[in-house]
Amino acid sequence: MPTPADRTAPVAVVTGASSGIGAATARRLATEGYHVVLAARRGERIDALAAELTAAGLSAAAHPLDVTDRAAVDALAAALDRCDVLVNNAGGALGADPVSTGDPAEWRWMYEVNVLGTLNTTQALLPALTASGNGTVVVLTSTAGHATYEGGAGYVAAKHAEHVLAETLRLEIVGTPVRVIEVAPGMVRTDEFATTRFRGDAAKAASVYDGVGAPLTADDVADTVAWAVTRPPHVNVDLLVVRPRAQASNTKVHRER
């Protein structure tokens, strides 16, 4: 694992850093002076992002990782000299079927990636975060973790569980030098989230945003994460819900056409 040229630079591990919110957050934290460890399954993508950041004079290293592989997560933790920030971003949704016909395999995948992946990385890196003296765990959930909607039960259940994981961890480690921040985005338009959810159906994925003039972007969420992380260490942003102006709730969205 490459270490930062300046070994005093704070280290931020970002999971799911190969695209979307994860990649945007990695870029944003690098500009804030962090050595960013890019963790994701697609090695070629995080290699390219690490090269982009280092070419810009920033500090980054790529580490291919499947967050559901506990041995691989433990190996990442063992390879780090320090860890100041963990951004649990890896996750995703599959399908939009009703409970009556939902695919249990898709539900299982969503639980394993969103919940057990966050559990794995948090458990493995919590000792280093504590040793840093001012550690931060960020959990990227979703407004799906706070309210339900038809056709979303599998993803909603996983994100509710991830929300409870963050909330419980905050209770359990109070008094230690680690804060737990949950960021719950609403409608965010990225290159892959909806396309993956609808099994590669680009037209169906695009219809999610039909008529919405300005859904959130990955950069909007990354800016939110960076703001929360860079507050003074005694300031804990327990929960930050961020939506586009056009979205009043998970089921109430203004569409211009």
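Student: Which residues have the most contacts inside the largest nonpolar core?

Tutor: L29, V36, L38, V138 and L140 do, in a core of 36 residues. This is a predicted model, where local features need pLDDT of at least 70, side-chain atom pairs count only at pLDDT 80 or more, and totals for chains, interfaces and linings use all residues. Residues are numbered from 1 along each chain as its sequence is written, and side-chain values use heavy atoms, with hydrogens and water left out.

Student: What makes a set of residues a nonpolar core?

Tutor: Buried Ala, Val, Leu, Ile, Met, Phe, Trp, Tyr and Cys residues count, joined through side-chain atoms within 4.5 Å. Buried means under 20% relative accessible area, with exposed over 50% and partly exposed in between (1.4 Å probe, protein chains only).

Student: What is L29 in contact with, leaving aside its neighbours within four places in sequence?

Tutor: A12, V14, Y34, V36, V87, A226 and V229. Contact means heavy atoms within 4.5 Å.

Student: Why is strand β6 called largely enclosed?

Tutor: Eight of the eight residues of β6 (178-185) are buried, so the rest of the structure largely encloses this strand. Both faces are covered: V178, V180, E182 and A184 are buried on one side, and R179, I181, V183 and P185 on the other.

Student: How many cavities of 30 Å³ or more turn up, and what makes a space a cavity?

Tutor: On a 1 Å grid over the protein atoms alone, a cavity is a set of points where a 1.4 Å probe fits but cannot get out, and lining residues have an atom within 4 Å of a point. Points are joined across faces, edges and corners, and the volume is the space filled by probe spheres set on them. The second largest cavity holds about 60 Å³. Its lining has 15 residues, with L94, G95, D97, W107 and G154 nearest the centre.

Conventions
On a 1 Å grid over the protein atoms alone, a cavity is a set of points where a 1.4 Å probe fits but cannot get out, and a pocket is an open set with protein on both sides within 12 Å along at least five of seven lines; lining residues have an atom within 4 Å of a point. Helices (H or I, at least four residues) and strands (E, at least two) are DSSP runs, numbered from the N terminus.
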